[in-house]
Amino acid sequence: MDERLVDEFRRICGLDAVLHEPLQLMTYECDALPHLREKPALVVLPGSAADVQKVVRVCAREGVPFVARGHGTGLSGGALPVPGGVVISLSRLNRVLDIDIPNKRVTVEPGVTNLEITRRVAPFGYYYAPDPSSQQVCSIGGNVAENSGGAHCLKYGFTVHHVLAVEAVLPDGEIVEIGSPLADAPGPDLLALIIGSEGTLAVVTKAVVRIMRRPESVQTLLAAFDSIREAGAAVSDIIGAGIVPAAVEMMDRLAIRAAEAAVHPNFPPADTILIVELDGPSAEVRELFATVEDTCTRAGATTIEIAQDDEQRARIWKGRKAAFAAMGRVSPNYYVQDGVVPRTRLPEVLARIRQLDERSGLRIGNVFHAGDGNLHPLICYDERIPGQSALAEEVAREILTYCIEAGGSITGEHGVGADKRDYMPRMFSQDDLDVMQQMRDAIDPRRLCNPGKVLPTPRLCGEVPGPYREHPVEKAGLAERF
Amino acid sequence: MVPTEMRAGSASDAVDGVVPRQVIEPASASELGIALASASRDRLATIIRGGGTKIDWGRPPVTVDLVISTARLDNTIVHRHGDLTATVHAGITLSRLNQELTRYGQWLPIDSAFDEATIGGIVASNDAGPLRHRYGTPRDLLIGVNLAMADGRLVKAGGHVVKNVAGYDLGRLISGSFGTLAVIVDATFKLLPIPQASATLVASYTDAERLAHDAALIAASQVEPLAFDVRVSAVDARPTGSTTHDSCQLLLRLASSPSAVDAQIESVRRLALPDSQVMAGEAESSVWKEQARLPWADVGAVVRVAWPPAKLAEVITLIRELQQMAGGRVSMVGRVGAGAGLLRIEGDDLTQSAVVRRLRSSVFVGNVTVLRGSRDLKRLVDVWGEPTASMKVLQSLKRSLDPAGILNAGRGPI
């Protein structure tokens with residue numbers, strides 16, 4: 001990058017807050033999807049929203065692409081740098097600006113971690129509901145970008161249900177308030193478009209989030225089953241009884257073994273375990289919990305363990321939330337997939353995944369949010385064995401095909417990012433995608449804000465849809481696909 | 001199928017007093033697309049009509065070239081009860097949908113003040129009632145849409161799984177857009193089981209501070225109501241009239257299993273509202289029906305306002321001040337948890353506009369929107385209020401999606 005520009009960024013952010021040595025840049029080459037890597041020209045670490053705005057203005061003026069980055073825990077390459085571009089790391093914007101208990105809202109900068117909000121309001125009996133498994137480290141800015149969910153979103157919804165307003169820097173450098181801390185702002189819900197847009201429409205510099213009162217009672221049980229089918233039937237019966245649990249999670253044998261090896265949650269050695277959590281007023285939880293317990297027994301649970309206190313509950317959740325990382329204990333490499341199917345199609349799709357496990361020769365662990373049909377197959381492979389990385393990717397692709405065929409989605413919470421943009425045409429028609437592209441161009445006409453994410457690489461003019469064929473312009477060496 | 005013909009508009013098609021030149025009722029999404037494409041080509045000022053219950057909301061139109069009615073997009077309800085989702089054609093009324101869903105003990109927990117309100121209109125206005133306390137506004141339950149764009153393309157966003165982050169959330173974007181960006185063909189929602197039992201506590205107050213104090217106690221407690229409303233009645237300002245007798249009320253609805261409802265009533269009464277009246281069954285249903293309809297049940301302008309939930313006492317004090325301005329004839333129903341309410345203001349246009357201006361000058365009340373008002377009132381005050389900072393972004397989205405500027409032209413929020 002032009003030395004003049006580097007100096008300009010240094011003047012904005014400070015000498016230490018501009019990184020461009022190759023060794024320094026390495027940290028920023030990827031997010032938590034390490035097989036996609038790009039080297040940015042520069043990383044800036046602005047210390048205020050005003051500095052973010054100045055950085056974006058320079059990028060806009062110079063036509064330099066930029067990528068906002070939180071704490072790099074994303075699983076779809078949403079924070080993958082653009083070669084020659086700038087990474088705007090928001091980690092220094094990490095202040096909790098306001099805690100307003102009477103109005104149940106907290107104002108934070110984007111670099112504040114998800115769990116930090118709960119930590120700050122817990123003394124008052126409140127918490128922040130969305131709880132992605134990475135909540136100890138992931139940033140609110142990243143949560144807003146990805147519309148993050150978590151185990152408890154079955155009952156409480158996603159980030160979009162808990163953010164009231166944001167301050168954001170638009171791709172042209174203008175800073176605006178989007179949404180309203182008050183209810184019923186008139187007009188289209190622009191905030192809901194920004195949330196989940198994966199950093200392609202704006203850089204969020206502040207968020208006002210809603211906090212909730214801790215429920216009076218929480219009850220958690222862990223039921224062991226001899227088959228996924230029985231566990232699945234238990235889930236259907238619970239939902240069929242008109243119960244909306246706070247969370248319903250399932251793990252299969254391989255995932256259980258991995259979690260056990262990593263964090264010793266003391267899970268029973270079952271084929272499948274089901275974790276069901278109910279929360280709410282004590283009388284309600286007591287009554288419904290008995291129904292849940294009974295339902296699990298009738299569905300064939302071999303053992304049922306009820307968390308007797310917060311410590312036991314925390315142990316169960318630790319085992320569940322550590323499941324991704326724990327796969328490292330049972331496999332040298334693993335690929336985390338994220339797909340969704342209508343809940344009633346779970347048994348059929350899981351059966352297909354098990355067949356795929358046998359056919360491909362790669363072990364596939366399953367950890368998933370059974371209440372809302374969100375699957376997280378963990379595909380184990382060894383990159384030292386030639387061909388296995390490619391095979392793992394192929395298996396991951398195949399699983400998404402099952403999800404699409406079952407009427408589901410290619411991503412429930414990890415986002416499309418750079419990883420799945422080319423799957424988008426399998427869920428959406430060209431017209432659907434064109435309208436999304438039009439919306440993006442309306443906000444970022446120069447395509448500088450996190451380019452190459454969410455939407456598939458734009459087709460060349462005159463190209464016919466369908467499987468890849470070399471375009472005449474490419475053939476003639478006049479253009480190339482990027 | 002014979003393609004639907006346009007017909008000339010009649011007095012019964014009038015939008016805020018303006019008779020449209022033409023009316024069309026497409027019988028399918030593709031017919032809707034064709035109608036829109038041709039309207040775009042001819043740059044016709046076009047208004048979309050569902051049940052027509054909120055058709056007069058917005059700025060008064062100068063001319064209306066075309067009304068597109070979704071009345072015939074009314075033949076599909078796909079209820080996936082095992083998945084707790086449903087896909088519904090835009091022209092179907094909320095009440096008809098909920099009748100269907102009841103068969104499996106499920107519902108789309110949105111309440112409308114209007115029996116004829118359609119799903120399309122409910123999404124386009126994001127209008128919500130008392131149930132928003134637990135379930136949010138319609139956009140919070142929306143998981144997918146099929147839309148007809150102004151150029152006639154039929155596109156979808158979202159899907160029919162409850163958890164899905166693939167692509168831009170066009171469905172939530174059009175929530176509250178009042179037909180300015182696209183036309184809703186159908187919508188897919190997340191559904192909920194209908195609670196087994198419910199009961200409502202009603203407590204009356206003469207003192208705003210006392211009411212706000214109780215409301216704050218409940219809001220900070222672990223009671224989880226289905227709905228939590230406030231009602232401030234108009235006062236009789238004639239010299240002989242009583243002015244303050246039981247002029248405001250709190251309504252707290254609890255819903256769960258029968259024994260859990262009883263237990264929650266006990267805990268609420270220990271905490272606050274010891275002398276409240278408990279209502280159940282038919283009586284309870286009619287209280288809530290009345291609560292949803294109250295702002296619309298009589299003459300006057302209807303204005304939507306929002307406030308920080310902890311400012312309830314100040315809001316009631318402000319209403320008292322407005323009552324002084326308007327000869328007592330200002331009333332409100334509001335949502336305690338969300339900090340949102342509807343004011344009904346009687347009196348002449350000048351009085352009503354003065355009340356709206358006073359609301360807009362308040363330091364804590366915001367998002368003041370005139371929903372119902374005479375054309376004269378709408379000339380005196382802008383119905384949508386000052387544009388927000390993000391309006392520029394919305395306008396560029398509008399130009400991109402509706403380049404001919406036909407959709408609810410000049411009337412909607414953008």
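1. Helices and strands here are DSSP runs, numbered from the N terminus: helices are H or I with at least four residues, strands are E with at least two. The expected span of a helix is 1.5 Å times one less than its number of residues. Helix H3 (residues 49–62) of chain A has 14 residues. From its first C-alpha to its last, H3(A) reaches 20 Å, close to the 20 Å expected.

2. On provenance: this is a predicted model, in which local features need pLDDT of at least 70, side-chain atom pairs count only at pLDDT 80 or more, and totals for chains, interfaces and linings use all residues. Residues are numbered from 1 along each chain as its sequence is written, while chains are lettered from A and ligands numbered from 1 in the order in which they are written.

3. Burial in H3(A) comes next. A residue is buried if 20 or more other C-beta atoms lie within 10 Å of its own, exposed if 12 or fewer, and partly exposed in between, with C-beta atoms placed from the backbone. The buried residues of H3(A) are Ala49(A), Asp51(A), Val52(A), Gln53(A), Lys54(A), Val55(A), Val56(A), Cys59(A) and Ala60(A). Just after the helix, Gly63(A) takes a positive phi of about 70°.

4. Cys13(A) sits in helix H1 (residues 3–13) of chain A. Cys13(A) is buried, because 23 other C-beta atoms lie within 10 Å. Two residues are in contact if their C-beta atoms, placed from the backbone, lie within 7 Å. Beyond its neighbours within four places in sequence, Cys13(A) contacts Val18(A), Val44(A), Leu45(A), Pro46(A), Gly47(A), Asp51(A) and Val55(A). Asp51(A) and Val55(A) are also among the buried residues of H3(A). The C-alpha atoms of Cys13(A) and Leu433(A) are separated by 37 Å, with the two residues 420 apart along the chain.

5. Chain A overall: 17 helices and 19 strands. The radius of gyration is taken over C-alpha atoms, and the globule rule is 2.2 Å times the number of residues to the power 0.38. For 482 residues, a compact globule would have a radius of gyration near 23 Å; chain A has 23 Å, so the two agree. Its C-alpha atoms fill a box of roughly 70 × 60 × 45 Å along the principal axes. Of the 482 residues, 56% count as buried. Among contacts in chain A with a separation of 6 or more, 70% come from residues 24 or more positions apart.

6. A nonpolar core is a set of buried Ala, Val, Leu, Ile, Met, Phe, Trp, Tyr and Cys residues joined through C-beta atoms within 7 Å. The largest has 286 residues, and those with the most contacts inside it are Ile88(A), Leu274(A), Ile379(A) and Leu147(B). Helix H14 (residues 388–405) of chain A gives the largest share of this core, 7 residues. Outside four places in sequence, the contacts of Ile379(A) include Ala392(A), Val395(A) and Ala396(A).

7. The interface: 69 residues of chain A are in contact with 67 residues of chain B. Helix H16 (430–443) is one of the elements of chain A that supply at least two residues to this side. H16(A) gives the most, with 9 residues. By class, the chain A side has 33 nonpolar, 22 polar and 14 charged residues. Here Ala, Val, Leu, Ile, Met, Phe, Trp, Tyr, Cys and Pro count as nonpolar, Asp, Glu, Lys and Arg as charged, and the others, Gly among them, as polar.

8. Two strands pair if DSSP finds at least two bridges between them. In chain A, strand S5 (residues 96–100) and strand S6 (residues 105–108) run antiparallel, joined by 4 bridges. Asp98(A) has Thr107(A) as its bridge partner. S5(A) and S6(A) form a hairpin with 4 residues between them, and Lys104(A) in the turn has a positive phi of about 55°. S6(A) is also joined by 4 bridges to strand S10 (residues 203–210), again antiparallel. There, Val106(A) stands opposite Val209(A).

9. Check two backbone angles in chain B. Leu84(B) is not a glycine, yet has a positive phi of about 55°. Leu84(B) lies in the loop between strand S5 (77–80) and strand S6 (85–89) of chain B. Asn367(B), in strand S19 (residues 366–372) of chain B, has a positive phi near 50°.
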